[in-house]
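Dear colleague,

I am passing on the structure below, together with notes on what was found in it. Please read the notes alongside the coordinates when you have a moment.

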Amino acid sequence: ILIAGGTADGVNPLASFELYNITSGCFKESNMTYRRMKHTATYLNTSDFVLVVGGQGSNSHAIASTELIWPFGQQLFKSLSVPRYWHAASNLSGSDVYVFAGRGSTNSSY
C-alpha cells in the first residue's frame, strides 16, 4: 500500500510518501519532490510504478508536476501542461493515464 502526500492538519501539504508492507507490518518512508494535497495517485500495474499528478502545494498554488514513484528507489518527475488540483485520473491501458478536469491556479475549472 502506498500513501502519498496529503495533509495532516487540513492546511499544510505533505511531501512524504510511505510504503506499507502488509506481510511485515512495516512502513518505509521517503519524500516526493513537491509537497502536495488534492492530487491523484494512480498505480501502473504493468510496471509497479505509481504516478502522482498535480495537486495543491504550499500557499494553495496548483502544482504542474507529475512524479513517477517506484517504491524501491527511483523517482522521476515531469511537468503537466496546466497546473491542476481536484482533478481525476484514470488508468487506461496499464501504462497510459488520462488526467482530466480539476481546478487551476486561478480557481478556474478545466
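In what order do the 3 strands of the open antiparallel sheet run? Before the answer, a word on the basis of these notes: this is a predicted model, in which local features need pLDDT of at least 70 and side-chain atom pairs count only at pLDDT 80 or more, while totals for chains, interfaces and linings use all residues. Residues are numbered from 1 along each chain as its sequence is written, and side-chain values use heavy atoms, with hydrogens and water left out.

The order is E1-E2-E3, and the pairing is antiparallel; strands here are DSSP runs (E, at least two residues), numbered from the N terminus, as helices would be (H or I, at least four residues), and two strands pair if DSSP finds at least two bridges between them. Strand E1 (2-4) and strand E3 (26-36) are the edge strands, each with a single partner, so one side of each has no neighbour in the sheet. From one strand to the next the twist averages 15°, where axes are lines fitted to C-alpha atoms (for helices over the stretch in contact) and angles run from 0 to 180 degrees between N-to-C directions. Strand E2 (residues 14-21) is joined to E3 by 7 bridges in the antiparallel sense, and Tyr 20 stands opposite Phe 27 in E3.

A further open sheet is formed by 4 strands in the order E4-E5-E6-E7, again with antiparallel pairing. Its edges are strand E4 (40-44) and strand E7 (75-79), each of which has a single partner strand, so one side of each is left without a neighbour in the sheet. On average, neighbouring strands of this sheet are turned by 20° against each other, direction ignored. E4 pairs with strand E5 (residues 49-53) over 5 bridges, in the antiparallel sense, and Leu 44 faces Phe 49 in E5. Strand E6 (residues 65-69) and E7 run antiparallel and are likewise joined by 5 bridges, with Leu 76 in E7 as the bridge partner of Leu 68. Of the 5 residues of E7, the number buried is 0, so this strand lies largely in the open; buried means under 20% relative accessible area, exposed over 50%, and partly exposed in between (1.4 Å probe, protein chains only).

Leaving aside residues up to four places away in sequence, Met 32 touches, among others, Phe 17, Val 52, Glu 67 and Gln 75, contact meaning heavy atoms within 4.5 Å. Thr 42, which has its place in strand E4, is buried at a relative accessible area of 9%, and its contacts, with the same exclusion of residues up to four places away, include Phe 49, Leu 51, Asn 91 and Val 97.

Two loop residues deserve a look. Most residues other than glycine have a negative phi. Ser 60, in the loop between E5 and E6, has a positive phi near 60° and is partly exposed, with a relative accessible area of 48%. Trp 86, in the loop between E7 and strand E8 (88-91), has a positive phi of about 50° although it is not a glycine, and is exposed at 52% relative accessible area.

With best wishes
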